[in-house]
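Have the structure open as you read.

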Number of protein chains: 2
Amino acid sequence: MSGGEFNSWQTVQAEVLRRINAREWKPGDFIPNEAELSVEFGCARATVNRALRNLAESGLLDRRRKAGTRVALHPVRKATLDIPVIRYEIEGKGQTYRHIVLLRQREVPPSGIRARMQTEPGVKLVHLVTLHLADGKPYVFGDRWINPEAVPGIESADLTAKSANEWLVVNVPFEGGDFSFSAMTAGPREAEILACKEGEGLFVIDRSTWNQTHVITSVRLTFAPGYRMHTEI
Amino acid sequence: MSGGEFNSWQTVQAEVLRRINAREWKPGDFIPNEAELSVEFGCARATVNRALRNLAESGLLDRRRKAGTRVALHPVRKATLDIPVIRYEIEGKGQTYRHIVLLRQREVPPSGIRARMQTEPGVKLVHLVTLHLADGKPYVFGDRWINPEAVPGIESADLTAKSANEWLVVNVPFEGGDFSFSAMTAGPREAEILACKEGEGLFVIDRSTWNQTHVITSVRLTFAPGYRMHTEI
DNA sequence: CAGATTTTTATGTATATACTTATAATTCAA
DNA sequence: TTGAATTATAAGTATATACATAAAAATCTG
């Protein structure tokens, strides 16, 4: 307590992790309860709680009240990935960032977008197509639909200075988002905009963000060939 | 306190989140310190700490000792994505899972793999190519290299019953991983294995996992056209 | 005045205690 | 015997307190 010898929650977490990895506690096994572990490790129950909670959050343990704590059967490890703000991403690589607005108009969206945006038939949305360049070369282009109802300032915003991507991040809070990652084959349009060959495989991110009341925006980012999204555990 | 009216850390978190979203506390602003907030919310500092820590973990606040807590300038939202175990993913969709081992041999890896796996020149690794099928149709194929030094049982494992993917998840603990997501263009080999056309865009995951001492395995998963990886915030 | 030292301060963590809550297990009742 | 009520239990949370630690700010020094 006063001496200096104590178990931090990290120590406890490391030891529990070691036991899981060493298969001393196997997937599906119940592990001792918090009270028992706190005695074993010579620390407070709160400390054990912190350690186990952390491991549960990262998917290695399953915990339920009264039932107890068990080693996760399907150790679904979770990776966290940052949502890129394109300018930061490019500038972070030491390249210069520039963007061009290719299209900006109010438009009735196609049905797929309308479903995503949950708007009534016939309602016009802001349609925005932007090309982002790194060192002058096409990097990614965004085909974006914005619900002006959810974003009051959008009509008057100067989207040539700051891209919609950045403008929205700074000006419009969102509560939730929905991402999907996939690949597509470059057609004539993509080939022209991204200055690549038709038929090349392109990395695509589809993203919708919303707040309590509205779907704010829905965007498809199509990256030039060679793009990689990276993350670690 | 005893009555029933109290502020849980969730309540505090929700209110802080509201203020951030309402721009009462703008990106870059310092927010009141834990002691002040605990007075304002009528709760213990530990409760405020829990709330703020949580928000910091999800990227909305930046905290530093002594400096204080500020609203993140670049609200890099973090999405967590589950690392797919292919069989679960397919069966989760209600499809039947099957896999075929296309190649399994000890082999000296090409230099790119060798660099990734951090092995000495000339050292042989286990090379394994597996096709995973959903309802009998090609879903993804894995081109995998395994360091037998890190995985003692691998030589004798029956990888026709359980795929290497699943066998490794169950039998080999790992401490860290490295993921990258990208797109490629189907060449003759991919077209043949995945039964798609040459020139189609394919989604690719490159993954390495390691423990303290070794890089365990490095795999490239190439998905059939149409695959989407999905996540929410 | 630059550079080293000390002080101050906000977050970070540990602990004992107490109470809450979900839920498994048990008992009771129809 | 089934279904409802009760009990016991393990995690979940709140709190007061104390000390640790990083780092900004202030002070001291040559």
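## Protein surface near DNA strand D

By class, eleven charged, eight polar and five nonpolar residues make up the surface near DNA strand D. Near means that a heavy atom of the residue lies within 4 Å of the strand. Asp, Glu, Lys and Arg count as charged; Ala, Val, Leu, Ile, Met, Phe, Trp, Tyr, Cys and Pro count as nonpolar; the others, Gly among them, count as polar.

This is a predicted model: local features need pLDDT of at least 70, side-chain atom pairs count only at pLDDT 80 or more, and totals for chains, interfaces and linings use all residues. Residues are numbered from 1 along each chain as its sequence is written, chains are lettered from A and ligands numbered from 1 in the order written, and side-chain values use heavy atoms, without hydrogens or water.

Arg45(A), Arg63(A), Ser8(B), Thr47(B) and Arg64(B) come nearest of the 24 residues around DNA strand D.

| Residue | Protein atom | Distance to phosphate oxygen |
|---|---|---|
| Ala44(B) | polar backbone atom | 2.8 Å |
| Glu34(A) | backbone N or O | 2.9 Å |
| Gln10(B) | side-chain N or O | 3.4 Å |

How values were computed:
A polar contact is a pair of N or O atoms within 3.5 Å; within protein, one must be able to donate a hydrogen and the other to accept it, and residues adjacent in sequence count only if both atoms are side-chain atoms.
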